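Trainee: I am new to this structure and would be grateful for a close look at a single part of it. Please begin with one contact and follow what is connected to it.

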Amino acid sequence: MLLAIDCGNTNTVFSIWDGERFIATWRTSTEWQRTADQYYVWLSTLMHFQKIDVNITEVIVSSTVPRVVFNLRVFADRYFNTRPIVVGKEGCELPVEVRVDEGTAVGPDRLVNTVAGYNLYGGDLIVVDFGTATTFDVVDTDGAYIGGVIAPGVNLSLEALHQAAAALPHVDITKPQNVIGTNTVACMQSGVFWGYIGLIKEICARIKAEHGRDMKVISTGGLAPLFQQAEALFDEFNDDLTMHGLVVINEHNRKNI
Ligand SMILES: Nc1ncnc2c1ncn2[C@@H]1O[C@H](COP(=O)(O)OP(=O)(O)O)[C@@H](O)[C@H]1O
Ligand SMILES: CC(C)(COP(=O)(O)O)[C@@H](O)C(=O)NCCC(=O)O
Ligand SMILES: [K+]
């Protein structure tokens with residue numbers, strides 16, 4: 001069975017794939033100091049609690065945080081006796097091309113999203129991923145990753161206001177009733193929420209114009225439905241997109257071995 005690990009700058013998600021579906025998914029905060037033994041204590045406790053008694057034989061990792069990879073490699077080796085595939089590292093082939101400036105280290109999450117998007121929806125895509133940063137990944141007709149956009153994440157934007165301005169509180173994102181806020185919190189939520197609606201619309205329109213072909217817009221990440229509530233911005237929402245991409249890349253590489 002496959003353990004797929006998607007490590008973002010804020011959270012790390014572990015999913016077990018039984019060959020047909022994900023039988024369990026768990027999330028922990030990303031901390032590069034966490035050791036292989038700590039991962040195992042955490043994971044085995046949750047598996048035991050949910051009565052998931054499976055034999056993990058393959059591990060695949062995508063990490064936007066380079067420092068966590070070492071301990072995840074030790075974790076796979078020590079507890080599952082397997083060498084993990086690490087996206088973007090030696091020994092991991094992608095089923096799609098990457099056409100960007102030479103020397104560019106594309107975030108592995110973006111490559112995984114590209115593979116998943118192409119596999120599920122075909123070419124000519126914009127994949128919007130709401131994470132610590134909001135990324136727009138452009139997938140060409142043949143499935144190649146050809147670049148995109150990196151914007152500050154929704155929570156990061158709100159947090160930046162709070163950090164930089166003494167009188168601005170910590171605020172959670174929500175869809176405000178009105179654009180004109182009548183208190184500080186509503187003003188901040190309006191700025192980020194409606195500003196983000198504008199950002200998504202403008203960036204997608206400009207990508208489509210630059211690409212010169214019809215494109216589907218696919219969204220992933222917990223905050224996508226919140227924005228979709230206000231306007232039809234995305235053609236599809238898929239919360240498991242990154243995990244699906246990890247499964248596809250794992251199969252591609254295991255076949256090649
Ligand atoms: N459904 C949701 N509602 C509100 N906030 C969310 C939701 N899903 C994720 N977040 C927040 O969005 C931010 C990015 O989270 P995550 O997608 O885990 O990022 P990353 O992949 O970069 O680690 C975090 O601050 C997280 O708490
Ligand atoms: C843009 C990102 C920080 C997004 O990471 P996330 O929000 O998923 O934690 C990550 O994809 C990254 O570090 N990229 C490297 C630069 C690039 O993709 O061009
Ligand atoms: K992201």
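Mentor: In this predicted model, an N or O atom in the side chain of Arg27 lies 3.3 Å from an oxygen atom of ligand 1. Two further polar contacts reach oxygen atoms of this ligand. Thr10 makes one through a backbone N or O atom, at 2.8 Å, and Asn155 makes another through a polar side-chain atom, at 3.0 Å. On its own, ligand 1 has 560 Å² of accessible area, and the protein covers 62% of this.

Besides Thr10, Arg27 and Asn155, the residues around ligand 1 include Gly8, Asn9 and Asn11, then Phe130, Gly131 and Thr132, and finally Gly222 and Leu223. Sorted by class, this shell contains two nonpolar residues, eight polar residues and one charged residue. The space that ligand 1 takes is the largest pocket.

Within β3, Arg27 is the bridge partner of Val13. Strand β2, which covers residues 11-17, is joined to β3 by seven bridges, and the two run antiparallel. In general, the strands of a sheet pair through backbone hydrogen bonds, in either a parallel or an antiparallel manner. Strands β2 and β3 belong to an open sheet of five strands, in the order β3-β2-β1-β4-β5 and with mixed pairing. At the edges of this sheet stand β3 (22-29) and β5 (85-86); each has a single partner strand, so one side of each is left without a neighbour in the sheet.

The side chain of Asn9 places an N or O atom 2.8 Å from an oxygen atom of ligand 2. The side chain of Asp109 likewise has an N or O atom 2.8 Å from an oxygen atom of this ligand, while Gly107 makes its contact at 2.8 Å through a backbone N or O atom. Ligand 2 exposes 470 Å² when taken alone, and the protein buries 76% of that area. The space taken by ligand 2 is the largest pocket.

Strand β7 opens the way to another sheet. Its residues, 133-139, are joined by six bridges to β8, residues 145-152, and the two strands run antiparallel. Among the facing pairs, Thr134 stands opposite Ala151 of β8, and Phe136 stands opposite Val149 of β8. Five residues separate the strands of this hairpin, and Gly143 takes a positive phi near 90° there. The open sheet that contains both strands has five strands, in the order β8-β7-β6-β9-β10, with mixed pairing. Its edge strands are β8 and β10 (236-237), each of which pairs on one side only.

Methods: Residues numbered from 1 in each chain as written. Chains lettered and ligands numbered in written order. Predicted model: local features only at pLDDT ≥ 70, side-chain atom pairs only at ≥ 80, totals over all residues. Heavy atoms only, no water. Pairing = 2+ DSSP bridges. Helix = DSSP H or I, 4+ residues; strand = E, 2+ residues; numbered from the N terminus. Near = heavy atom within 4 Å. Polar contact = N/O pair within 3.5 Å; in protein donor to acceptor, adjacent residues only side chain to side chain. Areas by Shrake-Rupley, 256 points an atom, 1.4 Å probe, with all protein chains shown as cover. 1 Å grid on protein atoms, 1.4 Å probe; cavity = no way out; pocket = protein on both sides within 12 Å on 5 of 7 lines; lining within 4 Å. Sits in = over half its atoms within 2 Å of the grid points. Nonpolar A, V, L, I, M, F, W, Y, C, P; charged D, E, K, R; others polar.
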